[in-house]
Amino acid sequence: MNIVKNLYKYRELLKTNTKKDVGGKYKNSFLGILWSFINPLLQIAVYALVFQVILKSNIENYAVYLCCALIPWQYFNSIVIRGAGVIIDNGNIIKKVYFPREILPISVVTSEAINFLISTIIIVIFVLVSGLGININWLWYFLIFAIQYIVSIGIALIFSSLTVYFRDLLHLLGVFMQLLFYATPIVYSISDVPASISWLLKLNPMTYLIDGYRSIFYNATMPNFEGLLIVFIMGIVLCVIGYLLFNKLQKRFAEEL
Amino acid sequence: MQEKNVRIEVEHVYKDFNIYFDKANSLKEKILFWNRNKKEKREVLKDINLQIRDGEAVALIGVNGSGKSTLLKLMTKIIYPDKGKIETYGKLTSLLELGAGFHPDFSGRENIYFNASIFGLTKKQIDERLQDIIDFSELGSYIDNPVRTYSSGMYMRLAFAVAINVDADILLVDEILAVGDQHFQDKCINKMKELKKEGKTMVFVTHSMNTVKEFCTRAVWLDKGIVRMDGEPNEVIEEYLKETL
């Protein structure tokens, strides 16, 4: 419970750090915060072109279908990539002054969560433009969002501390995330996957989360609660492992950096 | 358990550093050059015992490489001992190197918030102290310029102004007064004398024997990782100078 006490005590640091991340990301770029929208829109355009026009996917409203999955995926992707680098990037401060180190990965997750909240507007626009309309199940968004946040904290704690000792992880993760993109039902549906390998997809927490977002936005139904429970448990396990690992590894951060 | 008045408790602390001659950082290097990873253990601190109480101003002296800065870093919890235990009681601030915890693109004012929050202050507490900090730093209108445009003296003024105004019980300072003009040095010494009167605990690493004599109540001489002498500043300095000169 030490971590909760620490986080409360250093809440101001968490806040300034998160704000720095959210605002600072596009600070020197001409289009500023607009990139938060342009980026996913261009990606959706590319994937829609490839999978709908060229590969002739038979999924209806493919752009919306894609959008519901791609935006949460981008959130997940930045957690892994940015989380892995956060301790190394802040080596300067870590070597000079004490503060609870877990603030760094947690503020990455929090600032990316805020970016994700903003980007969710894109999903809403896509859904409305395609004529699917608003429905009450959208309220489940906040539950799925909260579960994804928990999963993200665990993952960020694990990778941020491991990369300090194994710098290769940074490069490995770049390739791994590209593979994982196709091993997650984003451009296709899990029902199209042969049963012989679908168990593999079920080990991936993003499978359940994306299924949840898709249910509420694309199918306008309630999410699959069994799936959400599974991913919630995965999240708790990741957080516990992450916390123990981080706590052990952080003692030598200043010496290894 | 905290004994009465004790602020810093150092018990049987050992610290080794691994000195890599040619460190294999990546996996490829680790596999290809596995034999390259020669390292040598260097004992930096050996069985250090110290108790520092309320209102004490302690100077750590010794030649370069005697472990002074390492001991100070252990007290701040930036690094951890291999054996033994270090406890600090109360709020602690440290000034280890110049500009600790500054973000170069932020203005001086934003960095005050950032730096003070690293020391655990809330927004409201920082608001209350903001004017004092700016006044103390004497940065005037520069306070709204990005910190990367500061000179090293200005950097140091800001860092010191923040550290001294966060109402800490313990202040740890590593060789920082070497920078800054005479006027600002005097001002810092005066401010620290005030803090000493208020009963705050201070630990310095310094090579300026005059500062030690003028200001400190106790001197600890570290030599090759052990406490060689601990006591009244004038006596310790006399012995220390006799040996090193």
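In this predicted model, helix α4 of chain A, residues 62–89, and helix α10 of chain A, residues 205–217, have axes that come within 9 Å and cross at roughly 140 degrees. The crossing in which α4(A) passes α10(A) is right-handed. On the side of α4(A), the residues that make the contact are C68(A), A69(A), P72(A), W73(A) and F76(A), while α10(A) brings M206(A), L209(A), I210(A), Y213(A), R214(A) and F217(A). Sorted by class, the contact between α4(A) and α10(A) holds ten nonpolar residues, no polar ones and one charged residue; since Arg counts as charged, the charged residue can be identified as R214(A) of α10(A).

Turning to chain B, the secondary structure amounts to eight helices and nine strands. Six strands of chain B form an open sheet with mixed pairing, and their order across the sheet is β5-β6-β7-β3-β8-β9. At the edges of this sheet are β5 (92–95) and β9 (226–231) of chain B, each of which pairs on one side only. Direction ignored, neighbouring strands of the sheet are turned against each other by 15 degrees on average.

Within that order, one pairing can be followed in detail: strand β6 of chain B, residues 170–174, and strand β7 of chain B, residues 201–205, pair in the parallel sense over five bridges. One of the residues to look for here is D174(B), whose bridge partner in β7(B) is V205(B).

Two overall values describe chain B as a whole. Of its 245 residues, 40% count as buried, and among the contacts in chain B with a separation of 6 or more, 72% are accounted for by residues 24 or more positions apart.

It remains to ask how the chains meet: how many residues of chain A are in contact with chain B? There are 17 such residues of chain A, and they are in contact with 21 residues of chain B. Two helices of chain A, α2 (11–24) and α12 (253–256), each supply at least two residues of the side of chain A that touches chain B, and it is α2(A) that gives the most to this side, with three residues. By class, the residues on the side of chain A that touches chain B divide into eight nonpolar, one polar and eight charged, whereas the contact of α4(A) with α10(A) has ten nonpolar, no polar and one charged residues.

Technical notes:
Residues numbered from 1 in each chain as written. Chains lettered and ligands numbered in written order. Predicted model: local features only at pLDDT ≥ 70, side-chain atom pairs only at ≥ 80, totals over all residues. Contact = placed C-beta atoms within 7 Å. Helix = DSSP H or I, 4+ residues; strand = E, 2+ residues; numbered from the N terminus. Pairing = 2+ DSSP bridges. Axes fitted to C-alpha atoms, helices over the stretch in contact; angles between N-to-C directions. Buried ≥ 20, exposed ≤ 12 C-beta atoms within 10 Å, placed from the backbone. Left-handed = near helix turned anticlockwise from the far one by under 90°.
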